[in-house]
Amino acid sequence: MKRLLAFEILILIIIVILNVMNYITYGHGLGDVYIDIVIIFSILFIWLIYTITKVNIKLIMTIYFLLLVLIIFKITLYRGSEYKWNGNIFYNN
């Protein structure tokens, strides 16, 4: 279970790194930075809640999975108006 949780967190961190390096985009231009900040703070906040309260790990995994699904939809089908969805995950210059 903890390996799967670590894998979900790793995928979210890789998405943030790829966005910062301008390989993927959420379609909002500079607004992409705010989405990355929300992802980083949500990872830290959920991790902090887990370490303090020892909440059930299945609940934490479900929250991270839902966050991951929402971010993947935001990268693909629900991109912003500046860079519309063109069928490619990676941003083409």
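**Close-up views of a predicted model**

**View 1. Helices at the lining of the largest pocket.** H1 and helix H2 (32–53) each contribute at least two residues to the lining of the largest pocket, where helices are DSSP runs of H or I with at least four residues, numbered from the N terminus. The largest contribution to this lining comes from H2, with three residues. The model is predicted, so that local features need pLDDT of at least 70 and side-chain atom pairs count only at pLDDT 80 or more, while totals for chains, interfaces and linings use all residues. Residues are numbered from 1 along each chain as its sequence is written, and side-chain values use heavy atoms, with hydrogens and water left out.

**View 2. Residues around the largest pocket.** The largest pocket holds about 160 Å³ of space; a pocket is an open set of points on a 1 Å grid over the protein atoms alone, where a 1.4 Å probe fits, with protein on both sides within 12 Å along at least five of seven lines, and its lining residues have an atom within 4 Å of a point. Among the 11 lining residues, Asn19, Asn22, Gly29, Asp32 and Val33 are the closest to the pocket's centre.

**View 3. Packing of H1 against H3.** Helix H1 (residues 2–20) packs with helix H3 (residues 57–75) at an angle of about 25°, the axes being 10 Å apart, with axes fitted to C-alpha atoms over the stretch in contact and angles running from 0 to 180 degrees between N-to-C directions. H1 and H3 are therefore roughly parallel to each other, a term for angles under 35 degrees. The contact (heavy atoms within 4.5 Å) involves residues including Leu5, Ile9 and Leu12 of H1 and Tyr64, Phe65 and Leu68 of H3.

Notes
Angles under 35 degrees count as roughly parallel, over 145 as roughly antiparallel, 65 to 115 as roughly perpendicular and the rest as oblique. Grid points are joined across faces, edges and corners, and a volume is the space filled by probe spheres set on the points.
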